[in-house]
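Subject: Structure handover

Hello,

Here is the structure for your files. My notes on what was found in it follow below.

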Amino acid sequence: MTHDAVVYDLDGTLVDLAVDWEIVTSDVAAVLRDNGISPDGADLWGLLELAETTGHREAVEATIAEYERAGARRSTRLALADGLPHDVPVGVCSLNAESACRVALDVHDIADAIASVVGRDTLGSEKPDPEGLLTVADALGTPAESTVFVGDSERDREAARRAGMPFAWAQEFDQRRYRA
């Protein structure tokens with residue numbers, strides 16, 4: 001089946017960001033500690049949630065996004081990026097900061113193939129919340145049910161399910177039928 005649009009996840013799907021997530025987690029925990037908040041051994045997503053509830057989301061988001069943008073500049077292009085552009089509209093919906101997504105798309109010379117980008121910080125919600133996917137589909141002018149989301153994680157699959165959007169695993173997605 002060919003869909004009317006394709007939305008890709010970014011990291012692990014189109015590119016691999018060169019980010020040491022353990023260092024990011026450590027630095028985010030330090031930002032929280034510096035603001036009097038105990039991170040209690042939380043993982044990065046837990047720290048982001050803690051930052052949200054304690055009013056430190058902006059500082060934590062800035063720390064994470066800085067690492068992501070640096071990692072985007074050193075990222076590795078993946079095979080699905082080589083299949084762009086497509087003859088249908090294409091978007092990106094990512095758990096990474098929108099600015100990092102745009103850096104990676106520019107670095108790998110695929111920005112012109114992407115009509116809409118939504119990152120973790122674009123709308124104030126992140127996958128598996130379906131808002132980002134629905135926003136991209138709307139920007140592409142296609143209904144969710146005729147837009148396929150291509151990702152590499154359970155969170156991606158759950159976001160697609162919640163959005164009423166077909167899902168394809170990145171390693172299994174046959175994009176030949178979409179190539180321009």
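The protein has seven helices and seven strands, where helices (H or I, at least four residues) and strands (E, at least two) are DSSP runs numbered from the N terminus. Along the sequence their order is β-β-α-α-α-β-α-β-α-β-α-β-α-β. The radius of gyration is 16 Å, close to the 16 Å of the globule rule for 180 residues, so the protein is as compact as a globular protein of that length. That radius is taken over C-alpha atoms, and the rule is 2.2 Å times the number of residues to the power 0.38.

This is a predicted model, in which local features need pLDDT of at least 70 and side-chain atom pairs count only at pLDDT 80 or more, while totals for chains, interfaces and linings use all residues. Residues are numbered from 1 along each chain as its sequence is written, and side-chain values use heavy atoms, with hydrogens and water left out.

Overall figures

The C-alpha trace spans about 55 × 30 × 25 Å along its principal axes. Of the 180 residues, 51% count as buried (buried is under 20% relative accessible area, exposed over 50%, partly exposed in between; 1.4 Å probe, protein chains only). Among contacts (heavy atoms within 4.5 Å) with a separation of 6 or more, 70% are between residues 24 or more positions apart. There are 16 positive and 34 negative side chains, and the centres of the two sets lie 3 Å apart. Lys and Arg count as positive and Asp and Glu as negative, with His and the chain ends not counted; each charge is placed at NZ of Lys, CZ of Arg, CG of Asp or CD of Glu.

Two arginines

Arginine 120 sits in the loop between β5 (116-118) and α6 (131-140). It counts as buried because its relative accessibility is 2%. Its side chain reaches the backbone oxygen of leucine 95 at 2.7 Å. Arginine 57, in helix α3 (residues 57-73), is also buried, with a relative accessible area of 19%. Beyond its neighbours within four places in sequence, arginine 57 is in contact with Leu48, Ala51, Glu52, Arg120 and Glu126.

Valine 15 belongs to strand β2 (residues 15-16) and is buried at 0% relative accessibility. Residues that valine 15 touches, leaving out those up to four places away in sequence, include Leu10, Leu78, Ala104 and His108.

Alanine 180 lies in the segment after β7 (167-169) and is exposed, at 73% relative accessible area. With residues up to four places away not counted, alanine 180 touches Pro85, His86 and Asp87.

Backbone geometry

Most residues other than glycine have a negative phi, and most peptide bonds are trans. A cis peptide bond joins leucine 84 and proline 85, with omega about 5 degrees; proline 85 is in the loop between α4 (79-82) and β4 (90-93). Another cis bond joins lysine 127 and proline 128, with omega about 20 degrees, and proline 128 is in the loop between β5 and α6.

Aspartate 40 has a positive phi of about 45 degrees. It lies in the loop between α1 (21-34) and α2 (44-54) and is exposed at 68% relative accessibility. Aspartate 109 has a positive phi of about 55 degrees; its place is the loop between α5 (98-107) and β5, and it is exposed at 69%.

Regards

Terms used: A polar contact is a pair of N or O atoms within 3.5 Å; within protein, one must be able to donate a hydrogen and the other to accept it, and residues adjacent in sequence count only if both atoms are side-chain atoms.
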